[in-house]
Amino acid sequence: MSEFVLRTENLTKRFGGLIAVDKLSFNLAGGRLHAIIGPNGAGKTTFFNLISGLLTSDGGRVFFHEREITGLKPHQISRLGIKRTLQIKSVFPQLSVADNLWITGFAGQRFLNPFRAASGDRDTREKVERTLEQIGLTALARRQAGTLSYGDVALLEIGMALISEPRLLLLDEPTCGMSPAETERAVTKIQELAQVIDIIIIEHDMEVVFEIADDITVMAQGAILASGSPEKIAADERVREAYLGREEDEDYVEEEEVHA
Ligand SMILES: Nc1ncnc2c1ncn2[C@@H]1O[C@H](COP(=O)(O)OP(=O)(O)OP(=O)(O)O)[C@@H](O)[C@H]1O
Ligand SMILES: [Mg+2]
């Protein structure tokens with residue numbers, strides 16, 4: 001049996017002269033909620049882009065369970081069961097919550113066989129209902145997505161990633177821009193999901209990270225600065241140094257922006 005869900009070996013990405021991801025060797029153990037933290041520009045989103053095939057790496061390898069997925073196209077990786085949400089939220093604002101899920105669920109079907117269309121329809125409908133429950137939006141199923149609160153849009157986005165029943169979910173700053181109450185609700189949902197699916201979450205909110213993560217990886221300048229349990233990370237001198245400056249400036253700016 002494989003001990004890991006996702007593993008990278010010396011994964012590297014350059015943008016011109018900039019090394020955004022620098023020989024990153026990362027290991028995700030099954031059944032653990034793994035958080036990636038690190039200052040702006042550390043390479044966190046680029047790392048997700050490499051895993052999901054949106055960017056081609058300049059070196060290194062990626063394995064998902066026992067299978068090497070280096071160089072596969074995004075749709076192939078998605079089909080193998082890795083789904084992600086984007087840092088910038090994107091739903092279909094004119095459509096209802098349920099229809100947003102329906103469209104994504106239907107598009108996720110491998111091929112549209114006319115003889116199986118009716119059962120496919122039923123399957124998708126069941127998936128939509130199950131996903132609505134998972135993300136806690138059943139009561140808002142008929143609401144136009146464009147009229148949802150920010151926190152509900154974020155949950156819907158997670159639902160759109162979930163509907164095709166992925167094995168690994170990559171969440172890029174899901175609570176960014178949320179009010180404290182929305183954050184709390186989203187965090188509860190993410191914790192519930194983590195019981196049934198492997199999750200890597202990029203998150204800036206340290207309170208959230210230390211509340212939910214089983215393991216934390218700290219990135220800085222494209223590389224891993226430290227990795228381990230929340231207790232180990234909290235006690236790590238280099239992490240404290242990397243974050244002391246940050247907490248004083250950036251975190252407060254973000255807070256002000258949210259409440260402005
Ligand atoms: N498509 C691109 N072309 C050129 N440079 C890029 C591109 N994408 C990212 N970069 C650069 O690579 C570095 C890592 O960016 P990345 O978005 O991965 O950081 P991040 O850790 O996700 O930051 P943040 O916390 O702000 O989201 C940054 O210096 C960024 O400017
Ligand atoms: Mg990012």
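Reply: Before we start on single residues, a residue is called buried if 20 or more other C-beta atoms lie within 10 Å of its own, exposed if 12 or fewer, and partly exposed in between. Please keep in mind that this is a predicted model.

Me: Ok, let me try that on A29: buried, exposed or in between?

Reply: A29 has 14 other C-beta atoms within 10 Å, so A29 is partly exposed. This residue lies in strand β2.

Me: And how far is A29 from D215 in sequence and in space?

Reply: They are 186 residues apart in sequence, while their C-alpha atoms are 9.3 Å apart in space.

Me: Switching to the ligand, what surrounds ligand 1?

Reply: The shell around ligand 1 has 12 residues, and the closest are F15, A20, K44, T45 and T46. Two or more residues of that shell come from each of β2 (18-29) and α1 (44-51), and α1 provides the largest share, with 3 residues.

Me: What classes of residue are in that shell?

Reply: By class, the residues around ligand 1 are 4 nonpolar, 7 polar and 1 charged.

Me: Now the inside, please: which residues have the most contacts in the largest nonpolar core?

Reply: That core has 62 residues, and those with the most contacts inside it are I51, L156, L170 and I201. Helix α5 (residues 150-162) gives the most to this core, namely 8 residues. Both domain 1 (1-79 + 168-260) and domain 2 (82-165) contribute to the core, with at least three residues from each. As a general background, nonpolar side chains tend to be buried together in soluble globular proteins.

Me: What about helix α6, which of its residues are buried?

Reply: The buried residues of α6 are T183, A186, V187, K189 and I190. Looking down the axis of α6, these buried residues fall within an arc of 165°, so they line one face of the helix. The face turned away from that buried side carries the exposed residues A181 and T188.

Me: And what span should α6 have?

Reply: Helix α6 covers residues 180-194, and at 1.5 Å a residue its 15 residues should span 21 Å; the C-alpha atoms at its ends are 21 Å apart, which agrees.

Me: Last one: which residues are buried in α3?

Reply: In α3, which runs over residues 97-107, the buried residues are V97, A98, N100, L101, T104 and G105. Seen down the axis of α3, they fall within an arc of 160°, so these buried residues line one face of the helix.

Terms used:
Residues numbered from 1 in each chain as written. Chains lettered and ligands numbered in written order. Predicted model: local features only at pLDDT ≥ 70, side-chain atom pairs only at ≥ 80, totals over all residues. Near = placed C-beta within 6 Å. Helix = DSSP H or I, 4+ residues; strand = E, 2+ residues; numbered from the N terminus. Nonpolar A, V, L, I, M, F, W, Y, C, P; charged D, E, K, R; others polar. Expected span 1.5 Å × (residues − 1). Arc of directions from axis to C-beta. Core = buried A, V, L, I, M, F, W, Y, C linked by C-beta atoms within 7 Å. Domains from an automatic or database assignment.
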